[in-house]
Amino acid sequence: NEESKAKRTESLNKMVEDFPEAYATGVAVAEQALTEALDGNSSQVEAYLQTLKDSAQYGDIVTDQGVEALPNIQAFLVQQYIDQGRVDEAAALLDDLSQNYADSLIIEPTTAGPPKPPRTAAEVVADLRQKLTTTK
């Protein structure tokens, strides 16, 4: 519900403010970014992604579920950008993904049925580039 979401966001903001160097803070930011991505909240995801990118110690954050945060958040955002017609932003993130995270594993969300097996960022980027060219 909205009240518990507001409380989580407030707690997370306090963690970032009080313990910006803590790895646990980075994990909490990454978890919240992935949750917001699944909910389709692009602006929130962008803010969390920027927080992660701004802190050098957060560059290699892996969530409690074993998900490498930055490439997965970026892959979610690319999909949302393509759906929203934000072609240039999608292309920029795809370039970053292919240059910096080609071997990272991407977990793709499913709406029903069993989860998809993880794929490399290179495989996901190729599919998203194809989708991007048909969107233009």
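Start with helices α4 and α5, which are roughly antiparallel to each other (that means an angle over 145 degrees). This is a predicted model, so local features need pLDDT of at least 70, side-chain atom pairs count only at pLDDT 80 or more, and totals for chains, interfaces and linings use all residues. Residues are numbered from 1 along each chain as its sequence is written, and side-chain values use heavy atoms, with hydrogens and water left out.

**Stop 1: α4 and α5**

Select residues 69-84 for α4 and 87-100 for α5: their axes come within 9 Å and cross at roughly 155°. Helices here are DSSP runs (H or I, at least four residues), numbered from the N terminus. Axes are lines fitted to C-alpha atoms over the stretch in contact, with angles from 0 to 180 degrees between N-to-C directions.

Now show side chains. Among the residues that meet are Leu-77 and Tyr-81 in α4, and Leu-93 and Leu-97 in α5 (contact means heavy atoms within 4.5 Å). The residues of this contact divide into ten nonpolar, one polar and two charged.

**Stop 2: Asn-72**

Stay in α4 and pick Asn-72. Is Asn-72 buried or exposed? At 1% relative accessibility, Asn-72 counts as buried (under 20% relative accessible area, using a 1.4 Å probe and protein chains only). Its side chain reaches the backbone nitrogen of Ile-107 at 2.7 Å.

**Stop 3: α2 and α3**

Next, select residues 23-38 (α2) and 42-54 (α3), which pack at about 155° with axes 9 Å apart. These helices are therefore roughly antiparallel to each other too. Look for Val-29 and Ala-33 in α2, and Val-45 and Tyr-48 in α3, among the residues that meet.

Terms used. Helix = DSSP H or I, 4+ residues; strand = E, 2+ residues; numbered from the N terminus. Parallel < 35°, antiparallel > 145°, perpendicular 65-115°, else oblique. Nonpolar A, V, L, I, M, F, W, Y, C, P; charged D, E, K, R; others polar. Buried < 20%, exposed > 50% of the residue type's maximum accessible area, 1.4 Å probe, protein only. Polar contact = N/O pair within 3.5 Å; in protein donor to acceptor, adjacent residues only side chain to side chain.
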